[in-house]
Amino acid sequence: MRSRLVIALAATVLLLGAAAAYALLQRHSDANATSGVRLDAGGLLVRSTANGHLAKTSNNEVTTSGLECARVYAAGGTGVCLGPALPGTYQATVLDAASQPTRTVPLDGVPSRARVSASGRMISWTVFVAGDSYNRGAFSTRSGVLDTRTGDLAGNLETFGIDRDGQRYTADDVNFWGVTFAADDNRFYATLATDGHHFLVEGDFANRTVRTVHDGVECPSLSPDGKRIAFKKRVGDGWRLSVLSLDGMTETPLAETRSVDDQPAWLDDHTIGYGLPRADPRHSDVWTVPADGSGAPELLVEDAESPAPLPAVS
């Protein structure tokens, strides 16, 4: 009798788990089916911090999807949503122009950053992970890149060869985060943290290599003209938004003096967008600031974060 009871309880737990997983997957499927968020018709893609869903603002109107995301981005008619999968796990969901899923990639940590190349071909993500021995149990990061055209997946940039100041470099404490793509869909920039430094690196996806470019750069974002990097610069216990000129490596602090822990986005050639938490960190707002260091911060979208401009795709 006891063994039968144990078997029955185990079967019940399995059935409940399966039901919960099915309900979660069905919820995401239903959400996508009715999202109504186009990624190729202009506007600004954001993550709503009112409900945690993918949303778009256009002509002072907000369209909210049912798709739950922790981080979003889109370009070239392709989007990515880093969000929950089965209970306690996360995945990167690749979206088409109608916000319908085309592929999912399991993530091995908590979502932090996401990017899509201007053409929509390349997708990247960064997650927080715990357990690296060198980090004494604190959070580390993992970054991956997917070529949506070929299916080529680099699940962890830590496997790439590293050129540090012209020399081959290896270390146990290597961390990557904040990928941003160049126009050729092969080159990219990212942050490499190691040996107490935060290097801007330029990567070659096809050759699986990176090389150090400049020190003191976190969460880089390449400008539309490919000549500048917007980033957050560590200052004391916080970060100052700045722009780095790749021709000359000069840095320009931006007019936003509050600490911004975000990967900034170029909304156009002259404007930087970013998320800034409120006093209640569950809610954020999207702000903008000129990219040349002039002007002052301006509020763009309330109760939102993770901004991505959506140029109309012909």
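**A hairpin and a partly exposed leucine**

Biologist: Strands S10 and S11 form a hairpin; what phi does Gly 151 in its turn have?
Modeller: Strands here are DSSP runs of E, at least two residues long, numbered from the N terminus. The hairpin leaves 5 residues between S10 and S11. Gly 151 sits in that turn, and its phi is positive, at about 85°.

Biologist: Which pLDDT do local features need in this model?
Modeller: Residues are numbered from 1 along each chain as its sequence is written, and side-chain values use heavy atoms, leaving out hydrogens and water. The model is predicted, so side-chain atom pairs count only at pLDDT 80 or more, totals for chains, interfaces and linings use all residues, and local features need a pLDDT of at least 70.

Biologist: Which residue in S11 stands opposite Leu 146?
Modeller: Two strands pair if DSSP finds at least two bridges between them. S10 (residues 139–147) and S11 (residues 153–154) are antiparallel and share 2 bridges. Opposite Leu 146 stands Leu 153.

Biologist: Which residue of S10 is the bridge partner of Trp 125?
Modeller: S10 also runs antiparallel to S9 (residues 122–130), with 9 bridges joining them. In S10, Trp 125 has as its bridge partner Gly 144.

Biologist: Is Leu 299 buried, partly exposed or exposed?
Modeller: Leu 299 lies in strand S25 (residues 298–301). Buried means under 20% relative accessible area, exposed over 50%, and partly exposed in between (1.4 Å probe, protein chains only). At 41% relative accessibility, Leu 299 is therefore partly exposed.

Biologist: How far apart are the C-alpha atoms of Leu 299 and Trp 287?
Modeller: Beyond neighbours within four places in sequence, Leu 299 is in contact with Asp 285, Val 286 and Trp 287, where contact means heavy atoms within 4.5 Å. Leu 299 and Trp 287 are 12 residues apart in sequence, and their C-alpha separation is 4.5 Å.

Key:
Helix = DSSP H or I, 4+ residues; strand = E, 2+ residues; numbered from the N terminus.
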